Amino acid sequence: MSDLDTFREETRVWLEANCPPEMRAPIVSEKDVVWGGRDQSRLTAPQKLWLDRMAARGWTVPDWPKEYGGGGLSAAETKVLREEMARIKARNPLNSFGISMLGPALLKYGTEAQKLEHLPKIARGEIRWCQGYSEPNAGSDLASLATSAEDAGDHFVVNGQKVWTSYADQADWIFCLVRTDKTTKQGGISFVLFDMASPGVSTRPILLISGYSPFCETFFDDVKVPKANLVGELNKGWDVAKYLLGHEREMISGMGLSGGGDALVEGALATVGVDAEGRLADPLLRAQIALYEVRALAFAAQSERFIDELKAGQAHPAQPSMMKYYGTELNKARHELAMAAGGSEAAEWESERSGGGRAARAWLRTKANSIEGGTSEIQLNIVAKRILELPG
């Protein structure tokens, strides 16, 4: 038996013994997702237990170094862990912008002090992060951002506004792009970290058509940020920002891997019924679900290859844009099919039977997928120019 086979066997035994039954059930609402943070009172006992057990092994971030709270696993071992978690349908113990975005940026650009201060807390789910990038006049043209950070000796004084700041009203800290030089665009941007409880920080939720508000406007009024919280070099934050965006787009592309054809079929069977041969009675819907399943399987295979190439440093720099575009389109298609499969009942908005309009609200929420993390139009332009090498 190889070392990897031994690791798989030991991992399988540990997961079976330590993953609570409740954490193997499908996620049906936002309450089922664990984001961590200073206030963990909203976590259920099984959520807290699963998070603590996985964090103790470093398996919330299995491929991070052990000294920063990770598991120190190799790429192959990390893949085995993911496979064994999927085998028992174990939920992710922790969803975190700190893990998917800030962590990789700190590992590459952070000082040793910054890594030791922030990464273990991220791994344990003790701090919830949000992202301060987009502004009212700096969306796709992010380099036009105007939020300023004035030098005040041992600290910066930050003033300005961010928009579409996901979960800013629930976050503990923010990683933020600020302008430290007004004479140039990309060359005058810095990347800083600060506590959302700092005086001068305020947030205001933005109500979406789904009726929910994951996005916020965020305001900074004379916020003091210690210079020790500058990540990378002064005025070189654009390098950090671009690197982080690649990981954000990788995270968003994962939407295309959530859910699946089985759930679509179950929903359709309840409303459409079966034909004489026991198949879904609507042949057009049946074909559409089958096509979705084929595309989802192909995307899953490509995603696995992409992650392997990324870990090996062999991925094309523009590949996250390709994955982000297709993953979000696939997620949107899945929810379109769920609405079609659910019939008129799927359009219910507030009934107890529909779980408070779960299907309709989730479908409406996906409309933001092609905007957040860089619009689909921007991603397609990047793919055309940098992967297909088409003329501008």
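**Around E309**

Modeller: Start with the contacts of E309. Once neighbours within four places in sequence are set aside, E309 is in contact with Q314, A315 and Q319. Contact here means heavy atoms within 4.5 Å. This is a predicted model, where local features need pLDDT of at least 70, side-chain atom pairs count only at pLDDT 80 or more, and totals for chains, interfaces and linings use all residues. Residues are numbered from 1 along each chain as its sequence is written, and side-chain values use heavy atoms, with hydrogens and water left out.

E309 belongs to helix α8, residues 283-311. Helices (H or I, at least four residues) and strands (E, at least two) are DSSP runs, numbered from the N terminus. E309 is buried, at a relative accessible area of 18%. The cut-offs are under 20% for buried, over 50% for exposed, and partly exposed in between (1.4 Å probe, protein chains only).

Now helix α9. It covers residues 319-342, 24 residues in total. From first C-alpha to last it reaches 35 Å, close to the 34 Å expected at 1.5 Å a residue. That expected span is 1.5 Å times one less than the number of residues. Just after α9 comes G343, with a positive phi of about 65 degrees.

Two other residues belong in the backbone check. Most residues other than glycine have a negative phi. N235 is not a glycine, yet its phi is positive, near 70 degrees. N235 sits in the loop between β8 (230-231) and α6 (237-253). E389, also not a glycine, has a positive phi of about 60 degrees. E389 lies in the segment after α11 (376-387). E389 is exposed, with a relative accessible area of 65%.
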